[in-house]
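The points begin with the overall layout and then turn to side-chain pairs and to one of the helices.

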Amino acid sequence: MSSIEGIAVAPTSKKIIEKSAIQYLINHCPESLEQPGPIDIERILDVLLFESHGFSTKIVQSFLDPTVEAQTNLLERTIEIKESCYNELHQAKRGRFTAGHEAGHVILHSSQLYSSLIIHKRILPCIGELPTYRNPEWQADHFSGALLMPLLTVLDFIEELKKRGFNDYNIIKEVSEKYLVSYKAAQTRIKQISQPELAGLAYSYQRVKNRRIPMR
């Protein structure tokens, strides 16, 4: 959730979102791309987003809407996150995906919308149906999966599991455990990266680096 929910943002494809996530990791925590494993999302929230975008994290007890776990406040340049959600950042629970989602709002949307907020104090909502590719919530959801399970490591990890004879259920389970995400998040991510254009994107990055991601 964010202060831009229902707002049309710049059209962004899955491929561009994947590139944004990969580039952020390359620039700010390249060690996370050395081998399959959990991204330090707590460090991204507490340290890296402030260094890269000037956003800080504020832990709160609750929101007026009890269904809200976290929200990005562009005017105050903060990510507000429920304490119960923050406490899940080192567990294979939804809290990690929620944190990645809010990080997506900061990385994808803050620059394009902040100046408008400063000048006009508000952003006009979209009139009519909001196209998926311009929906900030859809974009942030995809970004979260791309950040927590980067193409550069997860594709090779899945291929290795297939070679070992793992079935679909156990592949999802292994990805969930390796990247410390929920079973549902792992299942959705595996479905996303089955698309040929995303696999091609991963291998193009690997060719530039002139090496394969080690399977450890």
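**Notes on the predicted model**

1. The chain has nine helices and three strands, and it should be kept in mind throughout that this is a predicted model. Read from the N terminus on, the order of the elements is α-α-β-β-β-α-α-α-α-α-α-α.

2. Of the 216 residues in the chain, 46% are buried, and the accessible surface comes to about 10900 Å², with 52% of that area belonging to carbon and sulfur atoms. Where contacts join residues at least 6 apart in sequence, 70% of them join residues at least 24 apart.

3. Side chains of opposite charge can pair when their charged atoms come close. A search of the whole structure gives six salt bridges, and one of them joins the side chains of Glu-69 and Lys-82, with an N to O distance of 3.9 Å. This pair links distant parts of the chain, since Glu-69 sits in the loop between strand 1 (56-60) and strand 2 (70-73) while Lys-82 belongs to strand 3 (residues 78-82), 13 residues apart. For a reader who works with cut-offs, the distance of 3.9 Å may be set beside the criterion of within 4 Å. Glu-69 is partly exposed at a relative accessible area of 30%, whereas Lys-82, at 11%, counts as buried, because buried here means under 20% relative accessible area.

4. A salt bridge is also found between Glu-159 and Lys-162, whose closest N and O atoms are 3.8 Å apart. Both residues lie in helix 6 (residues 151-163), and they are three residues apart, about one turn of the helix. Glu-159 is partly exposed, with a relative accessible area of 35%, and Lys-162 is likewise partly exposed, with a value of 48%.

5. What are the accessibilities of Arg-164 and Glu-160? The side chains of Arg-164 and Glu-160 meet in a salt bridge at 3.4 Å, N to O; Arg-164 counts as exposed at 53% relative accessibility, while Glu-160 counts as partly exposed at 24%.

6. The count of aromatic pairs comes to two. In one of these, the rings of Phe-157 and Tyr-179 have their centres 6.2 Å apart and their planes at 80°, so the pair is edge-to-face. The pair links distant parts of the chain, with Phe-157 in helix 6 and Tyr-179 in helix 7 (residues 168-179), 22 residues apart. Both partners are buried, Phe-157 at 6% relative accessibility and Tyr-179 with a relative accessible area of 0%.

7. Tyr-169 and Tyr-183 have ring centres 5.7 Å apart and planes at 40°, so this pair is tilted. Because Tyr-169 lies in helix 7 and Tyr-183 in helix 8 (residues 183-192), the pair ties together parts that are 14 residues apart in sequence. Tyr-183 is partly exposed, with a relative accessible area of 32%.

8. Where do the buried residues of helix 8 fall, seen down its axis? The buried residues of helix 8 are Ala-185, Ala-186, Arg-189, Ile-190 and Gln-192. Viewed along the axis of helix 8, they fall within an arc of 155°, so they line one face of the helix. The face turned away from this buried side carries the exposed residues Lys-184 and Lys-191.

Methods
Residues numbered from 1 in each chain as written. Heavy atoms only, no water. Helix = DSSP H or I, 4+ residues; strand = E, 2+ residues; numbered from the N terminus. Buried < 20%, exposed > 50% of the residue type's maximum accessible area, 1.4 Å probe, protein only. Phe/Tyr/Trp six-rings, centres within 6.5 Å; stacked < 30°, edge-to-face > 60°. Arc of directions from axis to C-beta. Contact = heavy atoms within 4.5 Å. Areas by Shrake-Rupley, 256 points an atom, 1.4 Å probe, with all protein chains shown as cover.
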